[in-house]
Amino acid sequence: MNLKTTTDSLRAASQKLALQNASEKNAALAAVAEGLDKNRASIIAANDEDVKNARNAGISESIIDRLMLNDKRIDGIIDSLRIVISQTDPVGEEVAGWKTPNGMSIRQVRVPLGVVAIIYESRPNVTVDAFSLAYKSGNAILLRGSSSAYNSNKEIVRVIREALAGVAGGVPEAIELVEVREHDHSDVDEILNAVGMIDVCLPRGGKKLIENVVRNAKVPVIETGSGVCHLYVDEYADLDMAAKIAENAKIQRPSVCNAIECVVVHNKVAAEFLPKLEAIFAGRVKMHADERAIQHLKNAVLATDADFGNEYLDYECCVKVVDSIEEAISYINSHNTKHSESIISESRANTRLFQAMIDASCVYVNASTRFTDGGEFGFGAELGISTQKLHARGPMGIKVLTTTKYLIDGEGQIR
């Protein structure tokens, strides 16, 4: 990859997009949705090759689940794309406006960032999500997926570019996919050092990937987070509700970042709740329990220090017993990744304390952490879950890829 040539092309494409109105961009995205629908057989065939290679490489089934595409998942990708089409174009939105005492008119308006890069692992649906949000917000995008999903990503990008080329005003040059070679990450280093060529980089994947990007990037980064999520079962919890939510938050899809990795239980309900939890997890989830929790469990293993704060991304979790909500909050804040946390409680005072004091992008009361998702929040596609505190936090939708500038109109004023 010649990064300079690639980003020059992307920059030119972003400048074309910056001049397009919402109807022009929506028509292009609608053509992409139609193209994905018509080409689903070739996309699934390419994905089957990636899945076969992953299995031959001994990759776990929970990770393969993140990689896999089928008709239902392609339907979901297209549905997310149509939601993006239906959303208000953020470009040109007037955030604020006022007149100064000397008569100048000042407007703060949304504008595209320009050239966006995303470095991501496994999930080929991210290819469409990231593209659609970038295109709708007037940005060009450089995609660097993983070698495990390269066949899928290559075919999806081919379909996208073909669809854009076939519609009036479409800008197929607004999307580029890096050719990935297994065990060669030199291109990632190039992207992270592309000051002046790339306006922002987003990492989306596991802890190791995110840490590498944040530590080594010289270009601006919007940090997405790995998901060490907790479920706290309070002393005032409805235990049947807690068990049902724990089952959903851990088992429905354990390989995703909004699945829980630790269940924290108040000591006053541990003896009743933990056997109930074990019955639900039996044969499906391996539990790593602390010394107090293991007394109430028959088949758990004793947790080590490494278990607390670990992102399993599999059918495993740790269990901890605490003596107060304050201890639960302190423990969670010191072991989480600022992603998503949930409390199960009928005490309004405790739930409000939890929401006020937990440091995370999303804090739930009596609900599963699995709802931390752009689609579930009504954003359609998402770029990831931001766990940082500047510019964006939580599920990142279309406005995250915009910044603002001030437009000032005068009539000859001088200072």
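In the predicted model described here, helix 3 passes helix 7 in a right-handed crossing, a crossing being right-handed if the near helix is turned clockwise from the far one by less than a right angle. Helix 3 (residues 40–56) and helix 7 pack at an angle of about 165°, their axes lying 7 Å apart, where axes are lines fitted to C-alpha atoms over the stretch in contact and angles run from 0 to 180 degrees between N-to-C directions. The two helices are therefore roughly antiparallel to each other, the term applying to angles over 145 degrees. Contacts (heavy atoms within 4.5 Å) involve, among others, Ile-43, Ala-46 and Asp-50 of helix 3 and Tyr-150, Ile-156 and Val-159 of helix 7.

Leu-177 is the bridge partner of Leu-143. On strand 3 (residues 115–120), which pairs with strand 4 in the parallel sense over five bridges, Val-116 has Ile-141 as its bridge partner.

Five of the five residues of strand 4 (residues 140–144) are buried, so this strand is largely enclosed by the rest of the structure; buried means under 20% relative accessible area with a 1.4 Å probe, protein chains only. Ala-140, Leu-142 and Arg-144 point one way from strand 4, whereas Ile-141 and Leu-143 point the other way.

Residues are numbered from 1 along each chain as its sequence is written. In this predicted model, local features need pLDDT of at least 70, side-chain atom pairs count only at pLDDT 80 or more, and totals for chains, interfaces and linings use all residues, while side-chain values use heavy atoms, with hydrogens and water left out.

Note on methods. Buried < 20%, exposed > 50% of the residue type's maximum accessible area, 1.4 Å probe, protein only. Helix = DSSP H or I, 4+ residues; strand = E, 2+ residues; numbered from the N terminus. Pairing = 2+ DSSP bridges. Parallel < 35°, antiparallel > 145°, perpendicular 65-115°, else oblique.
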